[in-house]
Each structure stands twice: as structure tokens, then as C-alpha cells.
Amino acid sequence: MTANLNIIGLAREVYKGLPTTLCAGCGHNSITNHLIKALYEYGVEPHKLAKMSGIGCSSKTPAYFVEQAHGFNGLHGRMPSAATGAKLANRELVVLGISGDGDTASIGLGQYCHMIRRNVDCTYIVENNGCYGLTKGQFSATADVGSTQKGGKANEYSTIDVCGLAIELGATFVARSFSGDGKQLVPLLQAAFSHRGTAILDVISPCVTFNDHVGSTKSYAYVKEHDIVLHTADYIAGGREITVDYEPGTVRDVELEDGAHVLLRKLDVDYDPTDESSALRTIHESRERGEFVTGLLYVDTHQQDLCAREHMVKQPLATLDEETLRIGREDWDKMMRPLTET
Amino acid sequence: MPARAVNDFTIRVATVNGSGSQSSNLVLTNAIARLGIPVAPKNVFPSNIEGLPTWFDVRISALGYQCRARHFDVLVALNAATWQQDVGGVKSGGAVVHEEVFPCKGDTLREDLSYYAVPFTALAKEHFADKGDLRKYLMNMIYVGVVAQLLEIPLSTIEEALRTQFRSKAAAVELNMSAVRIGVDYVQQNLEKHDPWRVVPMSGKIDGLLFMEGNRAAALGCVMGGCTVAAWYPITPSSSLCEYFIQYCDRYRVDPQTGNRSVAVVQAEDELAAAGIVFGAGWAGARAMTSTSGPGISLMAEYAGYGYFAEVPGVIFDVQRAGPSTGLPTRTMQGDLAFAYTLSHGDTKHIVLLPATVAEAYEFAMAAFDLAERFQTPVFVLSDLDLGMNPWLTPPLQYPEGSFDRGKVLGADDLASMKSWGRYRDVDKDGIGYRTLPGTNHPAAGFFTRGTGHDEEARYSEMPDVWERNLDRLNRKTETARTAVPPPVVSEKKSTKVAILAYGTTHHAVVEARDFLRDAGVEVNYLRVRALPLPPEVAAFIKRHDRVYVVEQNRDGQLYGILRTELPTYLIGRLQSIRHYNGVPIDAHAIIDPLLAEQREPAVVAE
């Protein structure tokens, strides 16, 4: 790698997008910056990147990175279906979906569930701030019970935990992080790119305008205070020797489908991200305590993604021609025989 | 014997849903067609899996009329629950084949009908005691034998039809044939024919034709039109379209060596998700479709508007049933025309194709993919239950020549030779911009697709002039589409100023109505609309006539409404709306009666 160029020879500049139009200090902007770093370091080819989003503050994000890539800013909550279609049309695309908590957990909950169920190969980021920013601060379905709006009104309804739900639905990669923790988020993003299947990244991203006050459980102060880091992560690209020094027993090495590795440096807990019930228990217990547990919560690298389950040809379906797709003349004529079986 | 008792009558079979009568009905239909006689079967079935009354009408028409006949002449009555209603509907002079145990003791029988009592249940019990569940199916096959014998259909023809039905499975053919023979024998030994209804072999009228449902033809159109991504949510009466598509793909889109498939089919969680998959795939360059019915397009409205405004290709088949709301799920209607044409909020106009025949269901399916890509927009194919689910006699479908029209797609080489490009620039002044597909390896290829306001370069914009310019360009695209969609079919004689205008399956009733009217001394010209936006030929045709009857199968005259909106004011007064909307397919008299009444006493219209 030449200085300042990534493994495919592109400068970091290529991974930038238009200037943000979100509020100054918005957690989403931090996520964008981490994303730019992750895409650059991973070496995603811009022309193969499909940036998909729904509607909401979060869903504006695709405009702010990799300007050369194709973007699809779809409908509120309905991005997963469009992402599914795009991946089916061209399985060579790196599909990156960016959503919000309203987008994912309310209007789009159905599509979120079914994308996971199908294990569509994509990275799906939930920029989670517990409120609707564009319509000025209403609660979303990820708001915690008892947390308050800016005006003081408390949420009385139970919260939807997009990570717990994802695992319950059979998700194959589920991580949670904090927009302010690039050290943890960047490797998790890269691991998500490497994963063949739906990779869910729930990123707590405080809304500085409507949800950053005392009483909010998604404010900077609250998250910093209650962030329980399971592990910090390192990402090692496929084909590279793992040379990082580590003490055996304190690092968990997860090999991903393309030969890459994510190394989870354990802190104070003995956590196995391949154990589904322990993942669910950890999420549940942390919620009971009012904490955010962050890190790679669950991963299963042995499931087939949608394209594999559909036994699709390797060539992108979008590029197949008449010759390949039409029924042959002989079979056709057989089918068109008068008054006989077809 | 009435003059038209040969090869011109309708048989109605009344049974119970789930009794397996469908095979028997199809064998009977196929056998009559094998004698060279045009038949038009209509399945009149309930929204139910098992237990409710169901009917199957076989119209036998030497003249080849394919629409529903309003009355029937021969009844096969096998459902006690509907006995009164069924017998009540038989035309005077008709014949009734019935289970011996009906009618109930003391029932008064209509004296103007011939009755043939057959102990179907007893015969089935006697002969098929060991057949268990199969017995009820075989009982139905007994009536095929009875009817064949009464109508004088040769047994060998029935056997050929059985081979078609059971795909030459020898054991099934033999077993069913034994049931047919029981029916034949019973008639020979116990009954004397005393009605005028008979079939006589004929030739020339249906040579070379085959039976096919519109949904099957549309599925073939999807295969031959290069559809590679299908997403759907099951809904009557469209489900069989995707099921046939899957069937054909299982057969013809699988590499025998690797097992790899050149198609992806997703059964989505709902119709909006299906539409999302279609437009996601269309955006990424695949030919994608979904099939649904009215309740489904209601859910798809959001993505349809997105597809229109963000200019993403996608094909939506709407096999119409009776609405609004859940409506009559297994009945037919042309009730979605106005809704589909403008499906979305805001100013929206879609390309809508209106097949009337099986051949058109196939051709328009293929055309839909070309038009969707050429115009970078959603294309609706509006079929209906009558076309989609009933078997029709059709000429063999034509093998397509030529290549797919992928529209204005720029590749990396094109971009390399261009100074600049903008996704929504109207370079050719036809309203259609150039697009690139994700995955195109050129730094300038990418652009941002969005449903919010955007300028020629696909950049976000809320500027009033930019917004207006964009909507005007989209309208220009609609104007271009008028001359690219299938043009209307016109049948015109200079001697008359009276005309009918119709679309879709209403066509078949118009054909019969015109003949009847001609015999009654009223010559009527005919234009069949085959697509929206309306091609220019439509206004020109109306201009040449004083009175144009717009015939359609919905309550509010939806095409009539579109014509009133889009035609020059001076032509509007020439239109007269004729509507049929009771859930069963339109028949000729639904056109003839109001038209003749109006001809005698024209309504006063403000010009």
C-alpha cells in the first residue's frame, strides 16, 4: 500500500461525500466518518458499492460518503426490500444499508425482520437515537421505558431492541456500538463487510437537538456512562497473517467467510459471540440494568446468504441476455402443440 | 328441435368446491374442442377452499364466441344445496342431468325442461367401493360419461381428453375411463334422450388452437421477456401467474450441470415489500416483476410513485378482481384502471397495458419489460380474473424475434467518451434521460436515486423552477409513451357513425354484440384500447363518430372518466358509458340492451 492509498490504490478522498446537512455534533456524522475510514481501509470499490437508505435523518447519510457510488434513498422503512432486489439483480454489489430507529423499528419493522430472515448479504446500520429527528423529536420504538422527551414527557411503552430481535430472527451477524467509539466501530464495520449475510450494526447515535438531555437514555452523557464494552475489536483482512500480539485467552479470533478475521479483545467478561442464548441473555440483562452492551454480540459464519439459498448463477442476473434466458425453440414448439398436454 | 340446438348452447355444472369436479369439467371441455367445436369455459368459483357451491360453464359456440352466455341450456346438478337456484336458471327447453336423490319428494318440477335422473352416488359406491377418497373424483367422472352419451361425444374423444388431463399416465387414464363408461352404460340402459342439445364434429374453426389461461401466458411472457427477479405475495386471482413462472423457471432456467439458476424468486412478506424488491432490482439492472390484484396494488402505491418519480423500471401485473376493499376475491372486474393509471400521491401517470386475449397476455408481458426499461418507469399489465384464470382457446404463442430493449443505459465506455452526463437531462427531448447501472466501472457512473426533488444532475433540489421542470419532463415522457405503447385495434366501416370503445376481456362480449346488432340493423364500429396513456388514434376515432359507447366492467365508468379528462371538450359529449359490474364476466346482452335502448331514445347531452 502506497502512502495514503488503500489496497486498491484509492485515496481516502474518494470515500468522502457531500458536506453533511445534519445538525452540528450529530452522532450520525461521527458514524459517517468512521464509515469512510472503514470503507477506505477495507478497500471497497466505489463502483461496486450500493448505498441504500430509507427516510429520516439517518437515511440522508449515504449522500455524505463515497460520492462516486450509486445511492438509493428509498422509502421510509422500506429500504430492506430494495436492498434485497438490488443484491438479487447484481450479487457482485457491496450493499450497504443505512437506517434509523424509526425507519427500522417502527414503519420498517416488517422489512427489517424479513431481510434478516432471508440473510440478504448486506451491511445494515441502524443509527439509533431513540427519536424522530426530522419531525422534531417524537419517540421512536427504540426509546427506553421511562426515558423522556425534551419537554419532559416520559415513554410508557416497552422498547424494541433491534439486536435482541435480530438474534431471535436468526440473524448471522449482530453488533452494537456507539457513534463516539470509532476504535470499536471501524473494525466491526469491516467485519460486517466481510460477512456473507445480513450484518446488523446497531449504533447508538445521540440526537443533539431532540434527545440529548437529562432523562434521555440515548444522550451522550448517558451512553458514555452506561456503555459496557464487551471487547474492543481488531479487523484483519483476509490473506494477511495475523501478527498482532495478544495474550492467549484474552482475545477471541472469529474467522469470517472471506478469510478475514475479527479479533475481539476481551475486557472483563468471558463472552462467546457464537453462543446465541448467551448473546440474548447478555442483551436482556444489560437492558434490565439500563446499560448498553457494545461489541460483536453474535456471529454465525456457517449460514448461506439469500443468493446461495436461491442457487443463483455467479454472473449478475442483470447482465444475462436473451440467449440465456429464453426457452429454446424446440421446447417452445412442444409446449405450443394444439389441445395436448402442456 | 330448436334451430340452434347443435353446437350452440351452454352447459352448467353445479358442484361443491373441493369435490374434484375441475378435472371432469376440463375433460368435458377438452373433448368438445377435440371435435373441432369452439368452447369457452368459465369457472365460477367461491372464495373458499372446500364446501361452498361452485359452477363451471362450458359455452359451446359454433360461431366461436368466447364471452360468457347469460343463460345456460344444459345443467348438471350435483349440489343439493343449490338445486332450486340451478334449475331456476335453465333456459326454457333445457335439459337437467341430476343426482337421482334430488329433487326432494314433493318438489314441483318445471315442466319446460327435460330431466335425466342418474344415481351418481349409488353408482360410485357400487363400482368404486375400494377406492376410498378417490371415489368422489370418480363420481364426477361418471357425469362426463353421462353428458358425453347424451350429447353424442365419441368415447374415443373422451379418452384423448383424459390423456391430456392426466398427462398420459396410463393407470389414471384407465381408472377414469372406467368411470366414464359407467356413465355411458347407465344412459344406454336406463335413459331415453328427449332434448335437442347435441354436438356434431366440425372443422376449420379452431384448427391449431390450444387451451391456455392468461396467467400462464403472462408467465411465459415473463420468461421470454427476460425477467430474472420476481417478488410476490400470493393473492387470488394472480397467484397462478407467479406459480407458473416458478414452474417454467424450474424447468428452463436451471443449469443441468451445476444446478445454478438464472432467476431469483422471492415470496415477499407483503405486496409493498414485493414492489420494493422489484424496484431495487430494476434499479440495479435486472428485469423484475410482481403479480398481484387490487388489494396488492393498494399496498404497492408507495413504491409505484417512487418508481415513477425516481424513474426506475419495474413490471406489475394486476390480475383484477372485484373491489373495493377485499371485495369479491374470486370474481372478475375491470375496477383498477383509474387507480393503477395514477397509482401514487401527487401527479403521477403510469404506462398501463390492457390485454384482452391470451396471446396479448403473453405479448404484453414481454412488451412490459421493454417499455419499463425504455421509459425507466413502472409498467402495469392489467389483466383480470376472467382472462387470468379461465382456459381460453388460443393460437400458439409466437416465439419472440429480436433482442430485449434495454433502453438508454450508459456503460463505462460510453461514459469515457462523454464530456459529462446528467442522469435526468432530457438530451433527446423525449423526456427520457440516460441511466447507468450500479456496478459500472467508471468514476462518473454513480448517481443518487431519490424520491425527493432533484435536478438534472440528480442532486437534491427544492427550487420551484427545478421541480416544475422535472414534472414537465416526466409529462413529456408520458407524451412519448403514447406512441410507443400498443396502439388500439380499430374495426371500422365508413357507413356508420356509431361506435363502441372497450378494453380488456370486455372485447369478447363486444364481438358478439356487434354481430347481434348488425343482424338487428345497427352497424357499430369498434375501437379497442390496449394501453394507457391513450394513443392519439383514440381521439381521432371518436372524432369520426357521433356516438361512442364506452363499455367496461366497473360501476363508475373508469375509462369513460379518463377519456373525459384527456379528450378535447368538444368530443366529450359524444361519449356514452355502458357499465357492467356484478362480478361475473360481461355478456353480449349487457352491451346490446342498453345500446339499443339508447339508440331508440338518445339521451340529451350538453355539447
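This is a predicted model: local features need pLDDT of at least 70, side-chain atom pairs count only at pLDDT 80 or more; totals for chains, interfaces and linings use all residues.
The side chain of B:Arg482 takes part in a salt bridge with B:Glu479, in which the closest N and O atoms are 3.0 Å apart. Because B:Arg482 and B:Glu479 are 3 residues apart in helix H15 of chain B, about one helical turn separates them.

The side chain of B:Lys477 comes to 2.7 Å from the backbone oxygen of B:Phe375. When neighbours within four places in sequence are left aside, the residues in contact with B:Lys477 are B:Glu311, B:Phe375, B:Gln376, B:Thr377, B:Asp430, B:Gly431 and B:Ile432.

Over all chains, the count of salt bridges comes to 53. In general, side chains of opposite charge can pair when their charged atoms come close. One of the pairs in chain B is formed by B:Arg163 and B:Glu159, whose closest N and O atoms lie 3.3 Å apart. Both residues belong to helix H5 of chain B (residues 155-165), where a separation of 4 residues corresponds to about one turn of the helix. B:Arg163 is partly exposed at 38% relative accessibility, and B:Glu159 is likewise partly exposed, at 24%. A further salt bridge joins B:Glu523 to B:Arg518, with 3.2 Å between the closest N and O atoms; B:Arg518 has a relative accessible area of 35% and is partly exposed. Salt bridges also link B:Arg287, B:Asp370, B:Glu373, B:Arg406 and B:Arg435 into a network.

With a relative accessibility of 21%, B:Arg331 is counted as partly exposed. The C-alpha atoms of B:Arg331 and B:Val584 are 6.1 Å apart in space, although 253 residues separate the two in sequence. Residues up to four places away in sequence being excluded, B:Arg331 touches B:Val44, B:Phe45, B:Pro46, B:Gln320, B:Arg321, B:Ala322, B:Leu385, B:Gly583 and B:Val584.

Strand E20 of chain B (residues 547-552) is mostly covered, 6 of its 6 residues being buried. B:Arg547, B:Tyr549 and B:Val551 point one way from this strand, while B:Val548, B:Val550 and B:Glu552 point the other way, and all are buried. E20(B) pairs with strand E17 of chain B (residues 498-503) in the parallel sense over 4 bridges, with B:Val498 standing opposite B:Arg547. E20(B) also runs parallel to strand E21 of chain B (residues 575-579), to which 5 bridges join it; here B:Ile578 is the bridge partner of B:Val551.

Between the two chains, the contact draws on 54 residues of chain A and 73 residues of chain B. The area buried between chain A and chain B is about 5500 Å², and carbon and sulfur atoms give 62% of this area. Of the area that chain A buries against chain B, 15% is supplied by A:His70, A:Arg326 and A:Leu339, more than by any other three residues.

Across the interface, 3 salt bridges are found, and 24 residue pairs are in polar contact. One salt bridge between the chains brings together the side chains of B:Glu302 and A:Arg78, at 3.4 Å from N to O. On the side of chain A that touches chain B, at least two residues each come from strand E1 (49-53), strand E2 (70-73), helix H2 (79-89), helix H4 (109-118), helix H10 (322-325) and helix H11 (329-335) of chain A. H2(A) gives the most to this side, with 8 residues. By class, the side of chain A that touches chain B has 25 nonpolar, 18 polar and 11 charged residues.

Definitions and conventions
Residues are numbered from 1 along each chain as its sequence is written. Chains are lettered from A and ligands numbered from 1 in the order in which they are written. Side-chain values use heavy atoms; hydrogens and water are left out. Contact means heavy atoms within 4.5 Å. Buried area is the accessible area (1.4 Å probe) that two parts lose on being put together, summed over both. A salt bridge is a side-chain nitrogen of Lys or Arg within 4 Å of a carboxyl oxygen of Asp or Glu. A polar contact is a pair of N or O atoms within 3.5 Å; within protein, one must be able to donate a hydrogen and the other to accept it, and residues adjacent in sequence count only if both atoms are side-chain atoms. Ala, Val, Leu, Ile, Met, Phe, Trp, Tyr, Cys and Pro count as nonpolar, Asp, Glu, Lys and Arg as charged, and the others, Gly among them, as polar. Buried means under 20% relative accessible area, exposed over 50%, partly exposed in between (1.4 Å probe, protein chains only). Two strands pair if DSSP finds at least two bridges between them.
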